[in-house]
Amino acid sequence: MRIDIITIFPKMFAPVLNESIMLRAQDKGKVKFHIHDLRDYTSDKHRKVDDRPFGGGSGMLMQPEPIFKAVEHIKSKIKGKKSKVILLCPQGEKLTQKIAKNISKEKHIILICGHYEGVDERVREKLVDEEISIGDYVLTGGELAAMVLVDSVVRLLPGVLGDKNSLNFESFEGNLLEHPHYTRPANFRKMSVPEVLLSGDHKKIEAWRNKEALKRTRARRPDLLKSNVRKEN
Ligand code: 9D3
């Protein structure tokens with residue numbers, strides 16, 4: 001998968017994308033990132049990417065020209081492949097595992113990181129295929145949201161994760177929160193591990209885990225148990 005990211009803060013990305021699983025995914029050739037500084041696609045000497053809204057009002061908007069130029073430049077480099085253009089913005093559809101899974105099937109995505117009060121509407125109309133938000137809270141821009149989306153998508157690409165914490169496992173677990181986990185030592189500062197987990201009785205252990213998962217889900221995320229709003233993944 002090829003991922004192009006258009007941003008006014010290109011330096012934000014390397015520290016996140018060049019660690020851990022994202023680094024391994026690149027080293028294995030499963031994903032290639034191309035980070036583009038939006039200001040490189042401006043034509044004026046001030047490298048201006050924003051301007052005031054027609055009709056008045058506070059705040060600035062991202063102008064269409066640099067964004068169109070950046071997307072057109074990227075598309076000209078990858079003739080043949082279909083590209084999905086995604087705008088990260090507060091008005092987008094809220095990111096879910098199902099959306100991450102669908103995006104992971106694409107060959108090429110272009111992410112536009114929103115900023116200021118938003119983007120000129122013509123970017124949405126002509127350039128953007130999907131708008132995504134990562135949740136109902138206010139960020140200062142689309143960059144962190146783009147990184148969250150990338151992380152959720154890249155780990156789903158075939159061969160990125162080992163078999164150990166494999167993905168099949170997730171798909172039939174996804175409707176409950178996880179049960180409590182314990183590791184060594186069995187006694188830590190006078191806190192002991194539930195006896196059943198040390199019993200070696202795998203039937204009993206599974207029953208305990210199911211019961212605890214249900215208990216925790218009921219307490220913290222009762223919405224996940226309502227069958228009419230089953231979270232698809
Ligand atoms: C005052 C109106 N705000 C809209 C809710 C303006 C506004 C706030 C924050 C406009 C842009 C932003 C910057 N945020 C993003 O670009 C963004 C975002 C977010 O703030 N929350 C969750 N997901 C995302 S994806 C992009």
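This is a predicted model: local features need pLDDT of at least 70, side-chain atom pairs count only at pLDDT 80 or more; totals for chains, interfaces and linings use all residues.
Biologist: Let's start with helix 3. How many residues does it have, and how far does it reach?

Modeller: Helix 3 runs over residues 64–77, so to speak a stretch of 14 residues. From its first C-alpha to its last it reaches 20 Å, close to the 20 Å expected at 1.5 Å a residue.

Biologist: Which residues in helix 3 are buried?

Modeller: Pro66, Ile67, Ala70, Val71 and Ile74 are buried. They cover an arc of only 130° around the axis, so they sit on the same side of helix 3.

Biologist: And what do those buried residues pack against?

Modeller: A list of elements, including strand 1 (2–7), strand 2 (32–37) and helix 5 (121–126).

Biologist: OK, salt bridges now. How many does the structure hold?

Modeller: The structure holds 13. One of them joins glutamate 65 to lysine 69, with the closest N and O atoms 2.7 Å apart.

Biologist: Where do glutamate 65 and lysine 69 lie?

Modeller: Both are in helix 3, four residues apart, which is about one turn of the helix. In an α-helix there are 3.6 residues a turn, so residues three or four places apart point the same way.

Biologist: What about lysine 94, which partner does it bridge to?

Modeller: Lysine 94 pairs with aspartate 136, the closest N and O atoms being 3.2 Å apart. That pair links distant parts of the chain, 42 residues apart: lysine 94 is in strand 5, and aspartate 136 is in the loop between strand 7 (130–133) and helix 6 (143–154).

Biologist: Is aspartate 136 buried or exposed?

Modeller: Exposed, at 66% relative accessibility. Lysine 94 is partly exposed, at 44%.

How values were computed:
Residues are numbered from 1 along each chain as its sequence is written. Side-chain values use heavy atoms; hydrogens and water are left out. Helices (H or I, at least four residues) and strands (E, at least two) are DSSP runs, numbered from the N terminus. The expected span of a helix is 1.5 Å times one less than its number of residues. Buried means under 20% relative accessible area, exposed over 50%, partly exposed in between (1.4 Å probe, protein chains only). The arc is that of the directions from the helix axis to the C-beta atoms. Contact means heavy atoms within 4.5 Å. A salt bridge is a side-chain nitrogen of Lys or Arg within 4 Å of a carboxyl oxygen of Asp or Glu.
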